[in-house]
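The points go from the chains to their interface and then to single residues.

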Amino acid sequence: MNGIHDLGGMTCFGPIVREDDEPVFHSDWERRVFAMNMLSMGQFGSLDQARHAIERMDPAAYLSTSYYEHWLAGIEILGRDSGLLMDAEIASGRSEHTSTPSRPPLDPEFVDAMVRSGSPSTRPVSRRPTFDVGDSVRARNLDVRGHTRLPRYVRGKRGVVSAVHGTHVFPDTSAHGLGENPQPLYNVRFEADELWGDNLARRDCVHIDLWEDYLEASPVEGRSHEQ
Amino acid sequence: MSNDHDNDHDHDHGGPPNPYHAASRSDDENRALEERVGRIESLLLEKGLVRQDALDRIADIYENDLGPMNGAKVVARAWVDAAFKQRLLEDASAAIGELGYGGLQGEHMVVVENTPEVHNVVVCTLCSCYPWPVLGLPPAWYKSPAYRSRVVIDPRSVLEEFGTAVDDDVEVRVWDSSAEIRYLVLPERPTGTETLTEDQLAELVERDAMIGVTRVAAP
């Protein structure tokens with residue numbers, strides 16, 4: 001979706017504000033939101049579903065609330081979507097219906113193992129990569145109304161494949177319960193003047209990871225940069 | 001979704017309010033958030049979706065066990081051990097695993113090396129993806145709209161704000177973490193550190209240099 005979370009390339013947010021000696025959590029509620037989000041995600045949905053929940057926040061609220069408030073909103077949205085929480089319960093904090101969790105709650109030993117081993121997004125499925133390092137590609141100009149990791153700023157732009165990362169779960173389907181649809185993931189290099197315009201002198205670039213369904217082959221003529 | 005608190009914060013710069021700081025949350029707002037969080041927490045506990053001891057455990061891990069000291073050890077090792085550095089640049093997850101780090105949000109690591117010709121800087125424009133096993137949880141500025149929006153289009157102005165001047169003939173590469181690949185910058189080893197031990201080198205390496213917004217300063 002063309003949501004407010006897709007911030008790349010905007011220049012209207014002013015200077016970057018840094019804090020000296022910033023704590024990991026600024027207040028206790030941030031710590032508790034972090035912990036709840038990490039442990040409830042498996043009950044409510046996947047990481048992709050959790051990201052998409054935050055993307056569906058009210059855009060004004062998204063910009064005017066902090067990161068852990070995004071996570072809190074995400075827990076509430078996913079809890080509702082999964083049918084495990086009801087609006088009235090979220091408002092009151094008291095359980096008013098019996099819901100059946102998909103699994104027992106995680107114990108501390110499982111938490112340790114989960115942090116240690118992680119949750120790789122690679123899959124053994126072999127969909128042969130169409131593109132190779134050095135290939136010219138174009139990010140497709142797609143109007144995706146659901147979750148996608150194809151930011152607006154690369155759509156329709158031409159770049160060059162700089163790495164092939166293997167076969168990864170596709171977030172556009174995973175976020176909507178439509179299957180993992182694992183497919184080749186590439187790193188693509190885009191020159192700054194291709195992305196942002198050539199009216200300013202630029203010699204920098206952006207590298208971004210894009211799934212095969214986001215890409216199409218691109219003819220090389222007309223490029224102003226050698227690779 | 002509904003937003004049950006006031007958005008009209010005070011702010012002291014030109015853009016929209018930047019609430020990513022404790023200072024921009026009033027006591028009333030923090031109280032309201034504590035209550036909202038308390039309600040959802042009791043609900044999850046009562047429904048048997050989460051356990052209190054597990055909640056405490058995961059917060060403890062990320063507050064106390066993981067942080068940029070891990071990444072600093074990776075960088076220092078790469079500076080003193082050329083074979084390790086080569087493995088790190090070829091298969092970062094495996095090389096970082098040699099030092100005992102890895103796992104959640106670091107399953108697929110890539111290390112990018114700063115050189116006299118190339119300066120790398122890392123962002124996640126769509127959310128706030130970050131290599132947790134080697135850097136811990138990200139600072140608030142990394143998650144802010146100001147950083148996420150501007151570093152891709154105008155990285156040099158962002159680096160300047162961090163006090164990092166990059167010569168015109170140096171290429172700036174911005175790495176946008178749009179998938180599950182997590183990036184760590186291998187900064188240049190400062191001159192004058194030839195006699196330092198690996199442990200002493202690790203103490204020089206700060207978080208921001210491994211994100212790529214600063215360099216490692218000589219001692």
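1. The model is predicted. In chain A, 66% of the contacts with a separation of 6 or more are between residues 24 or more positions apart. The corresponding share in chain B is 70%.

2. Make-up of chain A. Chain A contains eight helices and five strands. Read from the N terminus, their order is α-α-α-α-α-α-β-β-α-β-α-β-β. Along the principal axes, the C-alpha atoms of chain A fill a box of roughly 65 × 45 × 35 Å. Of the 227 residues in chain A, 43% are buried.

3. Make-up of chain B. Chain B has eleven helices and four strands. Its 219 residues include 50% that are buried.

4. The interface. How many residues of chain A are in contact with chain B? There are 84, and they meet 79 residues of chain B. On chain A, at least two residues each come from helix 1 (28–44), helix 3 (59–64), helix 4 (67–81), helix 5 (87–92), helix 6 (108–117), strand 2 (158–168) and strand 4 (205–211). Helix 1 of chain A gives the most to this side, with eleven residues. By type, the residues of chain A that touch chain B divide into 44 nonpolar, 24 polar and 16 charged.

5. Strand 4 of chain A is joined to strand 3 of chain B (residues 171–176) by four bridges, and the two strands run parallel. Within this pairing, Ile208(A) stands opposite Asp176(B), a residue of strand 3 of chain B.

6. Helix 2 of chain B. This helix covers residues 52–65, which makes 14 residues. From its first C-alpha to its last it reaches 19 Å, close to the 20 Å expected at 1.5 Å a residue. Which of its residues are buried? They are Ala54(B), Leu55(B), Arg57(B), Ile58(B), Ala59(B), Ile61(B) and Tyr62(B). The cover over these buried residues includes helix 1 and helix 6 of chain A.

7. The nonpolar core. The largest nonpolar core has 117 residues, and those that touch the most other members are Met36(A), Leu39(A), Leu210(A), Ile58(B), Val75(B), Val121(B) and Val205(B). Helix 1 of chain A gives the most to this core, with eight residues. Ile58(B), listed here, is also one of the buried residues of helix 2 of chain B.

8. Val75(B). Leaving aside residues up to four places away in sequence, Val75(B) touches Leu186(B), Pro187(B), Val205(B) and Met210(B).

9. Leu195(A). Leu195(A) belongs to helix 8 of chain A, residues 192–196. Is Leu195(A) buried or exposed? Leu195(A) counts as buried because it has 22 C-beta neighbours inside 10 Å, and the cut-off for a buried residue is 20 or more.

10. The surroundings of Leu195(A). Not counting residues up to four places away in sequence, Leu195(A) touches Tyr153(A), Val154(A), Lys157(A), Phe190(A) and Val206(A). One of these, Val154(A), is 41 residues from Leu195(A) in sequence, yet their C-alpha atoms are 6.5 Å apart in space.

Notes. Residues are numbered from 1 along each chain as its sequence is written. Chains are lettered from A and ligands numbered from 1 in the order in which they are written. This is a predicted model: local features need pLDDT of at least 70, side-chain atom pairs count only at pLDDT 80 or more; totals for chains, interfaces and linings use all residues. Two residues are in contact if their C-beta atoms, placed from the backbone, lie within 7 Å. Ala, Val, Leu, Ile, Met, Phe, Trp, Tyr, Cys and Pro count as nonpolar, Asp, Glu, Lys and Arg as charged, and the others, Gly among them, as polar. Two strands pair if DSSP finds at least two bridges between them. The expected span of a helix is 1.5 Å times one less than its number of residues. A residue is buried if 20 or more other C-beta atoms lie within 10 Å of its own, exposed if 12 or fewer, and partly exposed in between; C-beta atoms are placed from the backbone. A nonpolar core is a set of buried Ala, Val, Leu, Ile, Met, Phe, Trp, Tyr and Cys residues joined through C-beta atoms within 7 Å.
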